[in-house]
Amino acid sequence: MAAQPSVPKPMKPQTRPRTGARVAAVQALFQSEQADDSGETVIDQFTRHRLGAVPDAGGFEEGRVPDAHVPLFASIVRAAVRDQDQIDALIAESLPADWPFDRLDPVLRALLRAGAAELRMENGPPIRVVINEYLDVAHGFFTGDEPRMVNGMLDALARRARPAEFGASPAEHV
């Protein structure tokens, strides 16, 4: 009798908890704006009801974020809410003159707020990591030109927030 070849076990898909935290932060900031909830309220709601895997429950498509780095999630939401006026002003300055801030899609606005908040964090990940992560998030929410817009906007915001990472002087540090 010939030996049966061993069948490799299916690999568990690699999870990206930091990406999950960013997706959840965008969702939480959207919810905060739409429901006029405080940042702490949405952090609490998400931590209790929307983050983490639940057996037999759906994932992203059902509004859950099965794998998220909760401390990063909370940090992004807190920073975005705390500094929202400054962040919104920076986003508005980066928009084309004929595109008012209020015209931004609410999800896009939440995504840009989260990205800008993370770019402004001291000792945060390198800007290229932040931009690439939010580009991935944008592709999850949008199929049109929005990801290109996110890329350009976050690049402009990053140049102001962390000019040293571009080889420029920090004279215009945000």
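Predicted model: local features only at pLDDT ≥ 70, side-chain atom pairs only at ≥ 80, totals over all residues.
A helix axis here is a line fitted to C-alpha atoms, over the stretch in contact, and the angle between two such lines is taken between their N-to-C directions.

Two packed helices are described by the angle between their axes and the distance between the axes. For helix α5 (residues 106–119) and helix α7 (residues 146–161), the axes come within 10 Å and cross at roughly 30°. Angles under 35 degrees count as roughly parallel, so α5 runs roughly parallel to α7. As for handedness, the crossing of α5 past α7 is right-handed.

Which residues make the contact between α5 and α7? On the α5 side they are L108, L111, L112, G115, A116 and L119. On the α7 side, E146, M149, V150, M153, L154, L157, A158 and A161 take part.

Away from the helix pair, a couple of loop residues have a backbone angle worth a look. D36 is not a glycine, yet its phi is positive, at about 55°. This residue lies in the loop between α1 (17–35) and α2 (39–49). Is D36 buried or exposed? Its relative accessibility is 71%, and because exposed means over 50%, D36 counts as exposed.

N123 has a positive phi too, about 60°, and is likewise not a glycine. It sits in the loop that links α5 to α6 (127–141). With a relative accessible area of 82%, N123 is exposed.

Technical notes: Residues numbered from 1 in each chain as written. Heavy atoms only, no water. Axes fitted to C-alpha atoms, helices over the stretch in contact; angles between N-to-C directions. Helix = DSSP H or I, 4+ residues; strand = E, 2+ residues; numbered from the N terminus. Parallel < 35°, antiparallel > 145°, perpendicular 65-115°, else oblique. Left-handed = near helix turned anticlockwise from the far one by under 90°. Contact = heavy atoms within 4.5 Å. Buried < 20%, exposed > 50% of the residue type's maximum accessible area, 1.4 Å probe, protein only.
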